[in-house]
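Subject: A structure to look at

Hello,

Here is the structure I promised you. Please open it first, then read my notes beside it.

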Amino acid sequence: MSHSRIEVPVIAAVDVIVVGASTGTVAAALAAREAGATVFALSDRTYFGEETAGRLELWQNIQGDEPLLKEAFSGTLEPGAIKRGLETALLKQQIPFLFLTRPVAILRDENGDIGGLIVASRTAL
């Protein structure tokens with residue numbers, strides 16, 4: 001089987017890509033960054049926090065010293081505030097992110113190792 005070479009634009013060169021729309025996606029991205037990795041986050045929604053802000057299942061009496069809890073759930077427990085808090089947590093750690101985006105293909109190098117990820121706008125799928 002022959003493989004043709006294609007050129008694709010590179011939007012970021014990072015160590016870790018975290019995919020998902022949940023608060024866990026943000027937590028995983030922050031943990032990878034804290035461990036020293038360069039990170040990029042992708043959400044197939046227009047925000048992070050789908051399990052809280054998206055479904056309006058807002059937790060009551062949230063407590064703890066976790067920085068993400070303080071960032072996302074401090075102040076008003078409204079969906080917009082939670083979404084902004086999660087985005088702010090990523091921005092403070094210089095973690096770029098895209099919304100309405102999904103991975104569609106993994107690129108491999110000549111040794112078969114992962115060399116990249118092709119992403120597409122969710123609206124184009």
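**What I found**

Start with Thr 25, which is found in helix 1, residues 23–34. Helices here are DSSP runs of H or I with at least four residues, strands are runs of E with at least two, and both are numbered from the N terminus. This is a predicted model, where local features need pLDDT of at least 70, side-chain atom pairs count only at pLDDT 80 or more, and totals for chains, interfaces and linings use all residues. Residues are numbered from 1 along each chain as its sequence is written, and side-chain values use heavy atoms, with hydrogens and water left out.

Is Thr 25 buried or exposed? Thr 25 is buried, because its relative accessible area is 5%. The cut-offs are these: buried means under 20% relative accessible area, exposed means over 50%, and partly exposed is in between (1.4 Å probe, protein chains only).

What does Thr 25 touch, leaving aside its neighbours within four places in sequence? Thr 25 is in contact (heavy atoms within 4.5 Å) with Val 18, Val 19, Gly 20, Leu 42 and Phe 48. Gly 20 has a further detail. A polar atom of the Thr 25 side chain lies 3.4 Å from the backbone oxygen of Gly 20.

**The whole protein**

Now step back. The protein has four helices and five strands. From the N terminus on, the elements run β-α-β-α-α-α-β-β-β. The protein has 125 residues, and 26% of them are buried. Take the contacts with a separation of 6 or more: residues 24 or more positions apart account for 48% of them.

**Helix 1 against helix 4**

Helix 1 also packs with helix 4, residues 79–92. Their axes are 10 Å apart, and the angle is about 15°. Axes are lines fitted to C-alpha atoms, for helices over the stretch in contact, and angles run from 0 to 180 degrees between N-to-C directions. That angle is why helix 1 counts as roughly parallel to helix 4. The bands are: under 35 degrees roughly parallel, over 145 roughly antiparallel, 65 to 115 roughly perpendicular, and the rest oblique.

Which residues meet there? Helix 1 brings Thr 23, Val 26, Ala 29 and Leu 30. Helix 4 brings Leu 86, Ala 89 and Leu 90.

**Salt bridges**

Side chains of opposite charge can pair when their charged atoms come close. A salt bridge here is a side-chain nitrogen of Lys or Arg within 4 Å of a carboxyl oxygen of Asp or Glu. How many salt bridges does this rule give? The count is two.

One joins Arg 102 and Asp 44, with the closest N and O atoms 3.4 Å apart. Arg 102 lies in strand 4 (residues 101–108) and Asp 44 in the loop between strand 2 (39–42) and helix 2 (50–54), so the pair ties together parts that are 58 residues apart in sequence. Arg 102 is partly exposed, at 33% relative accessible area. Asp 44 is partly exposed too, at 24%.

Another joins Glu 50 and Arg 45, with the closest N and O atoms 2.6 Å apart. Arg 45 is partly exposed, with a relative accessible area of 32%.

**Two positive phi angles**

Look at Gln 94 next. Gln 94 is not a glycine, yet its phi is positive, about 55°. Gln 94 sits in the loop between helix 4 and strand 3 (97–98). Gln 94 is exposed, at 63% relative accessibility.

Leu 100 is not a glycine either, and has a positive phi of about 50°. Find Leu 100 in the loop between strand 3 and strand 4. Leu 100 is partly exposed, with a relative accessible area of 27%.

Val 10 is in the segment before strand 1 (16–19). Val 10 counts as exposed, at 65% relative accessibility. Val 10 and Ile 118 are 108 residues apart along the chain, and their C-alpha atoms are separated by 9.1 Å.

Ala 37 is in the loop between helix 1 and strand 2. Ala 37 is buried, because its relative accessible area is 13%. Leaving aside neighbours within four places in sequence, Ala 37 is in contact with Asp 15, Val 16 and Ala 32.

Best wishes

Key: Polar contact = N/O pair within 3.5 Å; in protein donor to acceptor, adjacent residues only side chain to side chain.
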